[in-house]
Amino acid sequence: MMELTQDVSWIAVIVGAVLAFFAGWAWYSPIGLGNRWAQGLGIDMGGKPPVTPMMLQGLGLFLLSWFVAVTAASGALMTLLLGALGFVVLGYSGESFAGHTPAVRLINSGYWVLAVVVMILTNAVL
């Protein structure tokens, strides 16, 4: 358990998760790629925000940010990049199985890359 907490910057974990969440908000907004994403999924963005998925997104971003901080603390940037690449490819694959359009797959994959970059930069600064 010590390897998951030793030398971890908890400020970077929290700030990275929050910044990645808001980056996602912009990414999936109508000003960003939200309309194209929603069109590809056949959903309406006009309703109330889906609370449970957003809470799970926040939790997932916290866990990912923690993972980034653990690898940063141990100087394992290549491990981080390998893990992130694996998750992006698995996500793209899962979306392919679900029949999502190539645009949806690329938009979602691009967001995961953006989130990891935001978290790496947050750890570098904090």
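In this predicted model, helix α2 (residues 34-41) packs against helix α5 (residues 102-125) with the axes 8 Å apart and at an angle of about 135 degrees. The two helices are therefore oblique to each other, since an angle over 145 degrees would be needed to count as roughly antiparallel. The crossing of α2 and α5 is left-handed. On the α2 side, the contact is made by Arg36, Trp37, Gly40 and Leu41; on the α5 side, Ala103, Val104, Ile107 and Asn108 take part.

These helices belong to a protein with five helices and zero strands. Read from the N terminus, the order of elements is α-α-α-α-α.

The overall dimensions and surface of the protein are listed below.

| Property of the protein | Value |
|---|---|
| Radius of gyration | 15 Å |
| Box filled by the C-alpha atoms, along the principal axes | roughly 45 × 30 × 25 Å |
| Accessible surface | about 8000 Å² |
| Share of that surface from carbon and sulfur atoms | 74% |
| Buried residues, out of 126 residues | 30% |

A compact globule of 126 residues would have a radius of gyration near 14 Å, so the 15 Å of the protein agrees with that.

Contacts along the chain complete the description. Of the contacts in the protein with a separation of 6 or more, 77% are between residues 24 or more positions apart. As for burial, 30% of the 126 residues are buried, that is, under 20% relative accessible area.

Terms used
Residues numbered from 1 in each chain as written. Predicted model: local features only at pLDDT ≥ 70, side-chain atom pairs only at ≥ 80, totals over all residues. Heavy atoms only, no water. Helix = DSSP H or I, 4+ residues; strand = E, 2+ residues; numbered from the N terminus. Rg over C-alpha atoms; globule rule 2.2 N^0.38 Å. Buried < 20%, exposed > 50% of the residue type's maximum accessible area, 1.4 Å probe, protein only. Contact = heavy atoms within 4.5 Å. Areas by Shrake-Rupley, 256 points an atom, 1.4 Å probe, with all protein chains shown as cover. Axes fitted to C-alpha atoms, helices over the stretch in contact; angles between N-to-C directions. Parallel < 35°, antiparallel > 145°, perpendicular 65-115°, else oblique. Left-handed = near helix turned anticlockwise from the far one by under 90°.
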